[in-house]
Structure formats: C-alpha cells, structure tokens
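The sequence and the structure are shown first.

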Amino acid sequence: MNFTINFPQLNFPSAAAALLAWGVLIFFAYRIYKKQRVKPKVWKIAAVLLIGFSALSFDGQIFGTPFKLAVLPLGVGILFLVLNKDKEKWQKYRAFAWLGFLANFIFLLFALLAVPVHHVLYPVNEPSTYLANVEDASIIAIHPTAEESNLHIESLKKQLALLKQRPIHSDVWYYEMVKDKEAKERDERFPYLLGGTSPKWGSGMNPLIFIEADGKGILLSTKKEQVYFRSEESLLEGAVK
C-alpha cells in the first residue's frame with residue numbers, strides 16, 4: 001500500500017480574490033497618498049491601514065461559507081485617540097485609517113464573489129473534482145469487519161466517469177447497522193479509507209474518502225459537506241468481473 005501525506009490544498013478562487021482585494025486596497029491607498037501635500041512615510045501608512053482594519057464584527061454564513069461583517073471601527077477609534085492630539089497628524093492619516101476599516105468590506109466582497117466561482121470551477125457533484133488523479137490510489141481497512149482486499153485501480157479509472165451521486169441516508173444506514181446486533185457484531189458500512197489520490201488543482205479540497213463494504217460506494221467528507229457516489233461495478237480486487 002502507498003499512502004501519501006495530504007498537505008493543505010490551494011484554494012485558487014479564494015487566493016485570487018484575496019490578491020485582487022489587496023490590489024484594490026493598495027490602489028485606493030496610492031490615490032490618497034498622491035493627493036496629499038505632505039507625504040507620510042509608507043511604513044506608517046501600512047501601520048495605520050492595519051490598525052484601521054481592526055473592527056468589532058459578527059459572524060455569519062452564506063452558501064456554507066463563514067464570514068465576518070465589521071460593524072464598529074475599533075481601529076479608527078484607537079487611531080483617533082492617539083493621533084488627534086496633533087490635529088495636523090490626524091488629518092494626514094485619517095483617510096488611511098478609514099480606508100483600513102473599509103478594507104473589511106473590500107475583502108468580504110471579493111471573498112463572497114469567490115464562492116460562485118469555486119462552485120463553477122469545482123462542482124461538488126462531479127467525482128473528478130475530488131479524484132482528479134488516482135494513479136497511486138490504494139485503500140486501508142479501518143474497521144475489523146473489513147475483508148482483506150485491495151483497490152482495483154483500473155476499475156476505479158473506468159468507473160470515475162460513470163459514478164452517480166446518490167442521497168445520503170444516515171439514519172437508515174445507522175439503523176441497518178445496529179438493528180438486532182450487539183456492538184461487536186455490527187458491520188461498518190464504509191470500512192475502507194481511500195488514499196493516494198489528488199483533487200483538482202486549486203480546489204482547496206482535501207476530503208476524507210471512504211469506500212463502501214461492497215466496493216461500489218464512495219463517501220467523500222469535506223469540511224463543509226458529505227457527498228456519496230455509487231458505481232455500477234465494485235472497485236475492489238476479487239469482486240471485479
């Protein structure tokens with residue numbers, strides 16, 4: 001068996017959105033800088049922007065994506081208390097302080113725009129989103145009731161395009177597992193863990209992938225959701241016709 005260590009995956013839409021947000025922030029900061037008669041030092045502008053970014057916020061969630069909405073400009077208040085002792089100094093940095101607070105909304109806007117882009121580039125109902133590379137795929141048994149078997153990689157490759165998404169019936173599955181059975185007699189529905197695979201580049205996904213006992217079901221578990229696919233043929237050696 002050959003298992004690889006899964007490092008954090010790059011979320012390309014989120015990374016691109018963050019870079020664009022930084023670009024917008026720098027653009028407006030430069031515009032403010034150019035209009036000022038007495039030019040402040042760049043490192044002081046950066047410090048004011050970062051402090052102005054501090055805000056009291058509340059957490060929310062949209063389309064399964066968590067976000068923070070800034071409501072009270074704490075950083076601007078702190079800068080006002082510190083810099084307002086010198087009126088001229090406060091006037092010099094005031095616009096940067098408020099731009100720092102506005103940056104909360106700039107980053108939020110781009111983060112929200114990245115959500116539909118991610119859904120288009122990496123559809124959750126497509127097996128290839130999670131299993132873009134299966135050349136080094138293998139399985140390990142994670143439950144005592146799992147029969148000793150290996151993954152049939154050629155069957156997995158063949159079935160990838162044929163996998164169909166099916167609903168997850170957690171309650172039914174659990175009832176079937178425990179019905180009239182002692183704890184030591186219960187079979188695990190997904191006794192194998194699939195490793196050595198790679199999701200689509202830039203998806204940011206690093207799912208746990210479980211294989212069903214009959215070798216025909218694949219359960220993918222991400223931080224946000226679970227997706228279940230079924231194949232026509234088993235993916236386990238010995239069961240492949």
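In this predicted model, six strands form an open sheet in which the pairing is antiparallel, and their order is β3-β5-β6-β7-β8-β4. The edges of the sheet are β3 (138–141) and β4 (164–166), each of which pairs on one side only. On average, neighbouring strands of the sheet are turned by 35° against each other, direction ignored. Within the sheet, strand β7 (residues 217–221) runs antiparallel to strand β8 (residues 226–230), and five bridges join the two.

The secondary structure of the protein as a whole amounts to seven helices and eight strands. Its overall dimensions are as follows. The radius of gyration is 26 Å, whereas a compact globule of 241 residues would have one near 18 Å. Taken along the principal axes, the box filled by the C-alpha atoms is roughly 80 × 40 × 25 Å.

| Helix pair | Angle between axes | Distance between axes |
|---|---|---|
| α2 (residues 42–53) and α4 (residues 87–121) | about 50° | 7 Å |
| α3 (residues 74–83) and α4 | about 170° | 10 Å |

With α2 and α4 packed at an angle of about 50°, α2 is oblique to α4. The crossing of these two helices is right-handed. On the α2 side the contact is made by K44, I45, V48, L49, G52 and F53, and on the α4 side by Y93, F96, A97, L99, G100, F101, A103, N104 and F107. By type, the residues of the contact of α2 with α4 comprise eleven nonpolar, three polar and one charged.

The second pair is arranged as follows. Helix α3 and α4 pack at an angle of about 170°; angles over 145 degrees count as roughly antiparallel, and α3 and α4 are therefore roughly antiparallel to each other. Here α3 contributes V76, L79, F80 and L83, while α4 contributes K89, W90, Y93, A97, W98 and F101. The residues of the contact of α3 with α4 divide into nine nonpolar and one charged, with no polar residue.

Note on methods:
Residues are numbered from 1 along each chain as its sequence is written. This is a predicted model: local features need pLDDT of at least 70, side-chain atom pairs count only at pLDDT 80 or more; totals for chains, interfaces and linings use all residues. Side-chain values use heavy atoms; hydrogens and water are left out. Axes are lines fitted to C-alpha atoms, for helices over the stretch in contact, and angles run from 0 to 180 degrees between N-to-C directions. Helices (H or I, at least four residues) and strands (E, at least two) are DSSP runs, numbered from the N terminus. Angles under 35 degrees count as roughly parallel, over 145 as roughly antiparallel, 65 to 115 as roughly perpendicular and the rest as oblique. A crossing is left-handed if the near helix is turned anticlockwise from the far one by less than a right angle, and right-handed if clockwise. Contact means heavy atoms within 4.5 Å. Ala, Val, Leu, Ile, Met, Phe, Trp, Tyr, Cys and Pro count as nonpolar, Asp, Glu, Lys and Arg as charged, and the others, Gly among them, as polar. Two strands pair if DSSP finds at least two bridges between them. The radius of gyration is taken over C-alpha atoms; the globule rule is 2.2 Å times the number of residues to the power 0.38.
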